[in-house]
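Please look over the sequence and the structure shown here, and then follow the explanation below, which moves from one part of the chain to another.

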Amino acid sequence: MITLRSSNLQYQNLENHEPFIIRISTNAMLPEPLRAGVAYLISDEPLPDGFCVYLKVRDPDRKETLPPHVAGVTLPEEFSYLSDGDVIRLSPRGRSIRVLYRKGSEFNHFLLTERCNNYCLMCSQPPKIADDSYIAGEILSTIPLIDPGTKGLGLTGGEPTLLGEGLIKILEACETWLPRTAVHLLSNGRRFSELRFAQQYANVRHHDLMVGIPLYSDLSHLHDFVVQADGAFDETLRGILNLKHLGQRVEIRVVIHKQTYKRLPQLAEFITRNLLFVDHVALMGLELMGFARANLDALWIDPFDYQDELVAAVEQLVAYRMHVSIYNHQLCVLRPNLWRYSRKSISDWKNEYMPECEGCGQRDACGGFFSSAQLKHSAHIRPLSRA
Ligand code: SF4
């Protein structure tokens, strides 16, 4: 989600309007009865009548404005990516716009809450304690506007299960309005230790739902240290067991950093001995955002320096026929025998390549970097040959 508040954002004939969520159309031929609930993104003149709102992305070479009689917003050039089917939240009084959904992106995520009951050392979205329960209502208003052909949708936080019934309603809305869309939920899994809540979640009977749950160590005290919450390891494990008992799909996520890399092989062994029935294991590189920046010295290790542990963990999981993926790593840093497990996992809007990548023959296959890797990245980035 991208929020912009700017003096470059000019609302017209909407100034006192409450915030509202609306889908964009570029179709000037849209049947008139459908136009009242749609924002028309202007590309050509003349303007079709009857749309709720008109959006104009400013062209720096031309001095056009919206016709004075229409309600609309003039947007800065950086919004030129907006297109048909996208969903936005307009806040005239706050002079802001938030892009909630992009039809052309494979990486649409909804942040359900900023609250969390963990306080992870490397949290990229540091928790806040403010009441943000209004977000769930906004998401419930957005889901019916999303293109039903959308392949996948992510639900993140904070900790989404803190919404309780609110999360269940959002999952039910996804099942109702998006019957062909896979949903991936990120959760620390602790709330699922309550069998009643896990049962409510299972009762949604979503057609394609996976929950990604982090597990950082085979040692309870080390996991609890990483998430800064006593007892979290036990609750997370009980949550995973409840979910699998109820036939739910579960992915284990391991973020690799200085506190977790040494015991990766032991964690992999723990998973194969105790959690062999989970559906996927994702071994993930660190994103240097939020607390990860503040705790950089305690967390940063060059991924080149943990390849022995990563290879051992992957070999253990694969030997037990588990589905394994490596996320957020660059191919030139990974040992070649790990490449087949590497996925392009970084959301398009924060995915970059470095100057060192110039001329690399594997760039199309490589997932590249988070934008935040400008701060620090492996010292072993080197262009690879095509073969
Ligand atoms: S040089 Fe850049 S594009 Fe090539 S493998 Fe390394 S990180 Fe990826």
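In this predicted model, Ala198 is buried, because 24 other C-beta atoms lie within 10 Å of its own, and a residue counts as buried if there are 20 or more of them. Ala198 belongs to helix α4, which covers residues 195-203. When its neighbours within four places in sequence are left aside, Ala198 is in contact with Phe192, Asn242, Leu243 and Leu246. One of these, Asn242, is 44 residues away from Ala198 along the chain, yet the C-alpha atoms of the two are separated by 6.6 Å.

Next, consider a pair of helices. Two packed helices are described by the angle between their axes and by the distance between those axes. Helix α2 (residues 134-142) packs with helix α3 (residues 165-177) at an angle of about 10 degrees, and their axes are 10 Å apart. The two helices α2 and α3 are therefore roughly parallel to each other, since angles under 35 degrees count as such. On the side of α2, the contact is made by Ala136, Ile139 and Leu140, while α3 contributes Gly166, Lys169, Ile170 and Ala173. Sorted by class, the contact of α2 with α3 has five nonpolar residues, one polar and one charged.

Finally, the loop between β9 (109-111) and α2 holds Lys128. Is Lys128 buried or exposed? Lys128 counts as exposed, because it has 12 C-beta neighbours inside 10 Å, and the cut-off for exposed is 12 or fewer. Not counting residues up to four places away in sequence, Lys128 touches Glu114 and Arg115. The C-alpha atoms of Lys128 and Glu45, which are 83 residues apart along the chain, are separated by 45 Å.

Note on methods
Residues numbered from 1 in each chain as written. Predicted model: local features only at pLDDT ≥ 70, side-chain atom pairs only at ≥ 80, totals over all residues. Helix = DSSP H or I, 4+ residues; strand = E, 2+ residues; numbered from the N terminus. Contact = placed C-beta atoms within 7 Å. Axes fitted to C-alpha atoms, helices over the stretch in contact; angles between N-to-C directions. Parallel < 35°, antiparallel > 145°, perpendicular 65-115°, else oblique. Nonpolar A, V, L, I, M, F, W, Y, C, P; charged D, E, K, R; others polar.
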